[in-house]
Amino acid sequence: MIEVKSLTKVFKKPIRGKGVLGMIRTLFSRKYKEIRAVDDVSFDIKEGEIVGYIGSNGAGKSTTIKMMCGILTPTSGQVLIDGKEPYKKRRIVAKEIGVVFGQKTQLWWDIPLIESFKVLKEIYQVSDEDYKTRMEFLSTVLGIDEFLSQPVRTLSLGQRMRADLAASMLHNPKILFLDEPTIGMDVLVKEKIRLAIHALNAKYHTTVVLTTHDMADIEDLCSRIIMIEKGKIIYDGPLKAIKHRFGNIKTLTITVPANIDPLEVAPYSKDVDMSSKDDKVMLRFDADKVKLEDVVQYAFSSYHAIDMKITDISIEDVVKQILVQQEEAKHA
Amino acid sequence: MRYIKLYFTCIKRSILSRLDYKHDAIISILSFLFSNACSLCALYFILQAIPTLKGYSIAEVGFFYGFSMLPIAIDHLFSDEFWLVAYRRVQLGDMDMHFLRPVPVIFQMFAQTFQPDGFGEVIVGIAMIIVCGINLHVTVSFGAIFVLVIGAVFGAIIITSFKIIFSALAFIFKRSGPLLQIIYNFTSYAKYPIAIYPKVIRIILIFVLPFGLFVSLPVDTLLYGTYNPYLLSLCIIGAAIVLFALAVLIWTRCERHYESTGS
Amino acid sequence: MLKKYKPFLRASAMDVMAYKFNILVWVIVTLFEVACLVFLWFAVYQSSEGGIDASINGFTYKEMIAYVVLTTIFGFVTFNNDTLWIINNDIRKGTIGNYLIKPISYRGKFVASNIGALLIMTLIFGIPLYSIGLGVLIGIGFLPIVSVWEFIAHIGLFLVAGVLACLINDTIAYIFGILCFYTTSAWGLNSLKTTIIAFLSGTLLPLAFFPPIFRDIVGYMPFAGLSQNPVLILMMKYDYFESAKVILIALAWLVILELFSKLLFCHAIKKVTVQGG
């Protein structure tokens with residue numbers, strides 16, 4: 001369905017001179033710095049897969065997605081969507097893909113949502129019959145009925161995202177690209193959107209590629225993840241494998257009344273990695289090996305904790321870990 | 001056929017969103033009225049200081065001026081979105097959604113906005129033509145009316161073509177608004193009979209930036225029978241078709257350079 | 001105190017640099033545009049009773065051409081702001097809220113940006129353009145210099161009037177920008193602003209061509225200081241007394257408009273907080 005072959009995107013960024021003299025110099029000649037946003041990336045995605053395309057900020061996720069949708073042309077390499085290059089056959093590929101960018105809406109700002117859908121129906125040449133059945137399905141799954149007559153600008157972020165999802169599914173695309181679909185939403189709304197993505201995938205067998213920052217998104221949705229850092233793929237495989245590799249890492253952070261000296265933090269067990277900063281003590285451990293209960297109890301008995309927080313491993317942590325492991329593997 | 005239907009669907013949307021903002025309509029009508037009043041005042045103040053402008057009376061100059069508003073107004077009705085393309089949308093990388101749709105981008109630009117403000121200009125222009133025409137005791141012939149209509153409609157296409165060409169440059173240079181503005185400002189020179197300009201300028205205003213071709217020459221034909229109306233119409237239609245084809249070609253070439261913003 | 005505005009000053013100067021292509025094209029096409037105006041005025045003066053050497057409303061043909069050329073350069077160098085658009089954008093996107101929290105004044109940010117743009121434009125384009133423009137005008141005798149010292153003094157006065165013009169222009173843009181709180185038609189507001197300024201500042205036509213009463217009223221409005229007055233000072237059409245007078249009027253207007261913008265901003269902000277948007 002999607003084939004990406006040694007895809008590379010290099011951005012040229014002008015180097016601006018410093019001070020007034022430098023500015024005058026840039027007026028006459030300009031030097032560019034090359035930034036390899038995506039560097040020799042290859043992967044295949046099969047029909048019906050839900051793939052999480054993840055990485056830290058600025059790792060090259062959006063750039064890859066934009067090349068896959070055809071709004072950025074690769075510097076070298078190739079993307080094939082169903083055998084066609086999207087940036088060359090834009091209009092043909094456009095019918096086969098649906099795109100939602102979390103930050104920007106594709107809907108018309110000032111008119112009622114339903115009117116936007118009617119325009120899209122014409123643009124994508126959806127037959128009346130298909131339109132009706134799809135709208136029915138999408139309204140149940142996404143619950144957009146309640147705000148169909150409201151102008152888009154009055155919708156909340158979560159409502160807008162649901163509306164955008166519906167809009168991108170109206171023409172029943174084979175592939176759905178979702179760029180940060182849950183960004184800035186609260187847990188309940190995130191949940192709703194994840195359920196909807198599952199339902200769409202199940203009903204239409206739509207291939208979904210999504211970028212996200214949220215580990216929970218990935219656990220809920222993706223059977224496979226592709227992880228990118230500094231433009232290069234550092235992991236491509238099932239989510240289970242990576243979980244197995246890192247275990248069920250959790251971090252317990254407790255706040256103590258006064259700043260604590262890092263040397264004073266006594267080690268508890270070799271399975272718990274302890275560190276401290278200012279008035280916080282962090283205990284990192286694998287919840288499959290050490291009982292959460294024990295760690296909490298230990299922390300509360302050893303320190304005068306006034307607050308506590310338990311966090312799951314973040315994408316940034318996973319990326320860091322993978323890089324460290326790769327580095328170690330190289331030396332060994 | 002499909003595109004005509006699609007155009008009307010989109011335009012309905014554009015009008016719908018405009019109706020949502022009543023203040024805005026008032027402001028744009030006000031600004032339009034004011035800007036026309038200012039230009040007319042300026043013209044009147046200058047002409048008052050001299051007996052005739054190279055032999056053209058106030059009424060004659062007014063006739064030219066009024067007629068020039070028609071092609072400008074028609075262009076205004078249909079192609080307002082290109083201003084945004086040239087000034088901001090490409091620069092902000094705000095065109096993504098158009099590139100994701102299975103419809104030509106240039107078509108989407110026309111379908112994006114319909115600017116009813118242009119009707120005001122049409123009304124003022126026609127009013128000026130009628131008032132000045134009566135003053136001048138113009139004899140109306142079919143050929144003359146024909147060439148005026150052709151001048152207005154195909155003149156609009158010529159203006160639109162220039163707008164397309166210079167807003168398309170934004171795809172390459174990120175922002176072409178000021179450039180487009182300057183080219184567009186040349187329409188204001190077409191508001192006067194081109195006979196008042198020296199030969200070089202006249203040639204430029206007919207062959208290079210042909211705003212004189214569809215304003216001055218048709219009016220000359222109506223008022224003084226200078227040219228054969230049908231031959232002139234043919235020239236205007238030909239120029240419009242060639243320019244529009246060129247504009248679409250340039251747009252589609254430049255369009256490929258569109259790059260969404262990086263991350 | 002003023003240091004925190006420095007980034008804005010720099011950023012706007014950088015922006016000016018980023019569009020060198022547009023600026024180059026501007027120079028070329030403007031030459032043609034000025035040529036057109038020269039011929040238009042030529043036709044007007046030729047048609048006048050006294051012929052080409054006549055003086056119409058106190059302007060000879062030569063003076064009129066000098067006026068057109070200098071007004072064009074002045075407008076290009078001095079009026080470089082996107083204030084209205086930026087405010088509109090901040091309102092639409094809601095980012096204006098961020099500025100209200102930061103310890104810098106929203107107005108100060110624009111003043112800094114515009115002074116930055118004015119400085120860099122003057123340095124890079126203003127100096128060569130004025131040198132060429134004035135050089136040619138003086139060379140072909142369109143701008144007679146009787147006393148060099150007087151000319152230098154007028155240049156000094158012109159610089160003062162020019163900075164005031166830039167600031168008043170920005171204040172007006174700012175006021176129109178705040179009006180974007182009340183309407184979403186930034187486009188309409190901008191074109192209204194542009195027209196008002198072009199007409200009443202004498203850019204379209206020197207105010208001397210206006211009917212007497214109208215001319216006197218407009219003369220005391222802030223717009224004449226935007227374009228006509230600085231240029232006429234440079235052309236030495238105003239003596240020292242008149243120059244000082246128009247500069248003082250401009251200064252007074254700057255203060256008045258600045259106060260007005262402050263009041264308007266307070267009112268507009270209140271409207272936002274009440275709506276909660």
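**Close-up legends**

Two strands pair if DSSP finds at least two bridges between them. Helices (H or I, at least four residues) and strands (E, at least two) are DSSP runs, numbered from the N terminus. This is a predicted model, in which local features need pLDDT of at least 70, side-chain atom pairs count only at pLDDT 80 or more, and totals for chains, interfaces and linings use all residues. Residues are numbered from 1 along each chain as its sequence is written, while chains are lettered from A and ligands numbered from 1 in the order in which they are written.

**View 1. The six-stranded sheet of chain A.**
This open sheet has mixed pairing and the strand order β5-β6-β7-β3-β8-β9 (chain A). Its edges are β5 (97–101) and β9 of chain A; each has a single partner strand, so one side of each is left without a neighbour in the sheet. Neighbouring strands are turned against each other by 15 degrees on average, direction ignored. Axes are lines fitted to C-alpha atoms, for helices over the stretch in contact, and angles run from 0 to 180 degrees between N-to-C directions. Five bridges join β5(A) to β6 (175–179) of chain A in the parallel sense. Within that pair, Val100(A) has Leu178(A) of β6(A) as its bridge partner. Helix α6 (157–169) of chain A lies across β5 and β6 of chain A and runs at about 165 degrees to β5(A).

**View 2. The four-stranded sheet of chain A.**
Here the order is β11-β12-β10-β13 (chain A), in an open sheet with antiparallel pairing. β11 (272–277) and β13 (307–312) of chain A stand at the edges with a single partner strand each, so one side of each is left without a neighbour in the sheet. From one strand to the next, the twist averages 20 degrees. Strand β10 (249–255) of chain A pairs with β13(A) in the antiparallel sense, over six bridges. Thr251(A) has Thr311(A) in β13(A) as its bridge partner. Helix α10 (292–302) of chain A packs on the sheet, where it touches β10, β11 and β12 (280–286) of chain A. The direction of α10 makes about 20 degrees with that of β10(A). Two residues are in contact if their C-beta atoms, placed from the backbone, lie within 7 Å.

**View 3. The two domains of chain A.**
Chain A splits into domain 1 (45–243) and domain 2 (247–331), with bounds that come from an automatic or database domain assignment. The domain centres, taken over C-alpha atoms, are separated by 35 Å. Contacts link 10 residues of domain 1 of chain A with 10 residues of domain 2 of chain A. On the domain 1 side, β8 (224–229) and β9 (232–238) of chain A each supply at least two residues. That side divides into six nonpolar, three polar and one charged residue. Ala, Val, Leu, Ile, Met, Phe, Trp, Tyr, Cys and Pro count as nonpolar, Asp, Glu, Lys and Arg as charged, and the others, Gly among them, as polar. Chain A as a whole holds 11 helices and 13 strands. Its C-alpha atoms fill a box of roughly 70 × 60 × 45 Å along the principal axes.

**View 4. Ala94(A) in its surroundings.**
Ala94(A) belongs to helix α3 (90–94) of chain A. This residue counts as buried because 23 C-beta neighbours lie inside 10 Å. The cut-off for buried is 20 or more other C-beta atoms within 10 Å of the residue's own, against 12 or fewer for exposed, with partly exposed in between; C-beta atoms are placed from the backbone. Of the 332 residues of chain A, 35% count as buried. Ala94(A) touches Leu100(B), Arg101(B) and Pro102(B), leaving aside residues up to four places away in sequence.

**View 5. The contact between chains A and B.**
Chain B gives 19 residues to this contact and chain A gives 26 residues. On the chain B side, the elements giving two or more residues are α1 (2–19) and α5 (96–99) of chain B. The largest share, seven residues, comes from α1(B). Eight nonpolar, five polar and six charged residues make up this side of chain B.

**View 6. The contact between chains B and C.**
This contact takes 32 residues from chain C and 30 residues from chain B. Elements giving two or more residues on the chain C side are α2 (20–47) and α8 (186–200) of chain C. α2(C) provides the largest share, 13 residues. The chain C side comprises 18 nonpolar, 12 polar and two charged residues.
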